[in-house]
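Reader: I am new to this structure and would like to go through it step by step. Could you take me through it, please?

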Amino acid sequence: MTYFTVRLTNVTPPDPGSVDLEKVSNVIVDQSLKDQIFSREAGRICYTIIQAEAKQTNGNVFRRNILNRLQQEFKAREETRKRSTQEWVCLVSFICNIFDYLKVNNIPMMALVHPVYDCLFRLAQSDALQNEEEVDCLVLQLHRIGDQLEKMNMQLMDELFNLLRDGFLLQEDLSSMGRLLLLEILEFRAGGWTLSETAQKYYYSEVTD
């Protein structure tokens, strides 16, 4: 939390025009790709900076830079995954976090819908489902933004969950934890993006145990 506070202090001074916002955006993306905890909070940080810039200079330099850098990282996502699973799941978490926080008239940005789905579909492939770290990332993102994402494109969400259902039922090399996580997210969506109290106690006691 101290890191977030220091970084926010550095990038949101009284005059945003005195700050190199492109450099700030690069720092945030670079840190997001290294640190899973930071990647889950980066959207909130970006939102704060964007709001400050709009209020003080009526500009959108930071938003443009962060989206440009995000596009670059998205294009290189398969190379990132091959290089480092940790960096890959951080990238997915960051993209989904940006989708969660950066909205236009309180609606998620359409430009991010397909990139987010592309990342989640990649996590739903059979080789990724063998990796608990990737399954955990997939389930975490669906818990956070699944409802929003479904409202933007229900057909793609149906296709994604068909993949997850097939993986759960047909893929024999899933770990017990991976299988439990998939079952939980299948039930989560079936329940209208919520779990009953009984189901919540069951799944989270299993994870704890």
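Author: Let us begin with a term: a residue is called buried when its relative accessible area is under 20%, exposed when it is over 50%, and partly exposed in between. Please note as well that this is a predicted model.

Reader: Is A199 buried or exposed?

Author: A199 has a relative accessible area of 7%, and because the limit for burial is under 20%, A199 counts as buried.

Reader: Where does A199 sit?

Author: A199 belongs to helix α13, which covers residues 197-208.

Reader: What is the separation between the C-alpha atoms of A199 and F188?

Author: The distance is 9.1 Å, and the two residues are 11 apart along the chain.

Reader: Let us step back to the whole protein. How many helices and strands are there?

Author: The protein has 13 helices and two strands.

Reader: And what share of the residues is buried?

Author: The protein has 209 residues, and 45% of them count as buried. As for the surface, the accessible area is about 10900 Å², with 49% of it belonging to carbon and sulfur atoms.

Reader: What about contacts between residues at least 6 apart in sequence?

Author: Of those contacts, 69% join residues that are at least 24 apart.

Reader: Now to charged pairs. How many salt bridges does the structure hold?

Author: There are 13 salt bridges. One of the residues involved is D100, whose side chain meets that of K103 at 4.0 Å, N to O.

Reader: Which salt bridge joins D100 to R144, and what is the distance?

Author: R144 and D100 form a salt bridge in which the closest N and O atoms are 3.1 Å apart. R144 lies in helix α10 (residues 132-152) and D100 in helix α7 (residues 85-101), so this pair ties together parts that are 44 residues apart in sequence.

Reader: How accessible are these residues? I would start with D100: buried or exposed?

Author: D100 counts as buried, at 17% relative accessibility.

Reader: Which residue forms a salt bridge with D147?

Author: D147 pairs with K151, and their closest N and O atoms are 3.9 Å apart. The two residues are four apart in helix α10, so about one helical turn separates them. D147 is partly exposed at 32% relative accessibility, whereas K151 is exposed at 66%.

Reader: Which residues are linked in a network of salt bridges?

Author: That network links E78, R81, R122, D127 and E134.

Reader: Let us change topic to the cysteines. How many disulfides does a search of the whole structure find?

Author: The search finds zero disulfides.

Reader: What about C137 and its nearest cysteine sulfur?

Author: C137 is in no disulfide either, as its nearest cysteine sulfur, that of C96, is 6.9 Å away. C137 counts as buried, at 5% relative accessibility.

Definitions and conventions. Residues numbered from 1 in each chain as written. Predicted model: local features only at pLDDT ≥ 70, side-chain atom pairs only at ≥ 80, totals over all residues. Heavy atoms only, no water. Buried < 20%, exposed > 50% of the residue type's maximum accessible area, 1.4 Å probe, protein only. Contact = heavy atoms within 4.5 Å. Areas by Shrake-Rupley, 256 points an atom, 1.4 Å probe, with all protein chains shown as cover. Disulfide = S-S within 2.5 Å.
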